[in-house]
Amino acid sequence: MSIDRMVMAFAGIVILASVALGHYVHVYWLFLTAFVGLNLLQAAFTGFCPLAIILKKLGIKPGQAFN
């Protein structure tokens with residue numbers, strides 16, 4: 001699995017988890033959803049993604065977006 005797919009999978013898991021926590025625990029968990037969305041948006045324009053940097057250092061093969 002490439003870094004691109006791992007970043008998308010991780011973002012999807014965090015978004016789904018924060019929506020569930022926002023529904024069942026406290027509405028402030030939805031700020032985590034907003035943070036992940038904003039981070040994905042800025043990564044689309046700048047190419048800077050902290051998770052991609054960490055995964056690259058761990059030796060995961062890069063994809064097209066984060067190489």
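Predicted model: local features only at pLDDT ≥ 70, side-chain atom pairs only at ≥ 80, totals over all residues.
What is the volume of the largest pocket? The legends below take you there step by step.

View 1. Residues are numbered from 1 along each chain as its sequence is written. Local features need pLDDT of at least 70, side-chain atom pairs count only at pLDDT 80 or more, totals for chains, interfaces and linings use all residues, and side-chain values use heavy atoms, with hydrogens and water left out. Here pLDDT is the predictor's confidence in each residue, from 0 to 100; its mean over the protein chain is 94, and 99% of the residues reach 70 or more. Helices (DSSP runs of H or I, at least four residues) and strands (runs of E, at least two) are numbered from the N terminus. The C-alpha atoms fill a box of roughly 35 × 25 × 15 Å along the principal axes.

**View 2. Helix 2 covers residues 30-46.** Its expected span is 1.5 Å times one less than its number of residues. Just after helix 2, look for Gly47, which takes a positive phi of about 80 degrees.

**View 3. Seven residues make up the largest nonpolar core.** A nonpolar core is a set of buried Ala, Val, Leu, Ile, Met, Phe, Trp, Tyr and Cys residues joined through side-chain atoms within 4.5 Å. Buried means under 20% relative accessible area, exposed over 50%, and partly exposed in between (1.4 Å probe, protein chains only). The members are Ile3, Val7, Ala43, Cys49, Ala52, Leu55 and Phe66. Helix 1 and helix 3 each supply at least two residues of this core. Leu55 touches (heavy atoms within 4.5 Å) Ile3, Met6, Val7 and Ile60, leaving aside residues up to four places away in sequence.

**View 4. The largest pocket has a volume of about 210 Å³.** On a 1 Å grid over the protein atoms alone, a pocket is an open set of points where a 1.4 Å probe fits, with protein on both sides within 12 Å along at least five of seven lines; lining residues have an atom within 4 Å of a point. The volume is the space filled by probe spheres set on the points, which are joined across faces, edges and corners. Helix 2 gives the largest share of the lining, five residues. Among the lining residues are Val7, Phe35, Asn39 and Pro50.

**View 5. Pro50 lies in helix 3.** At 36% relative accessibility, Pro50 counts as partly exposed. Pro50 and Asn39 are eleven residues apart in sequence, and 9.2 Å separates their C-alpha atoms.
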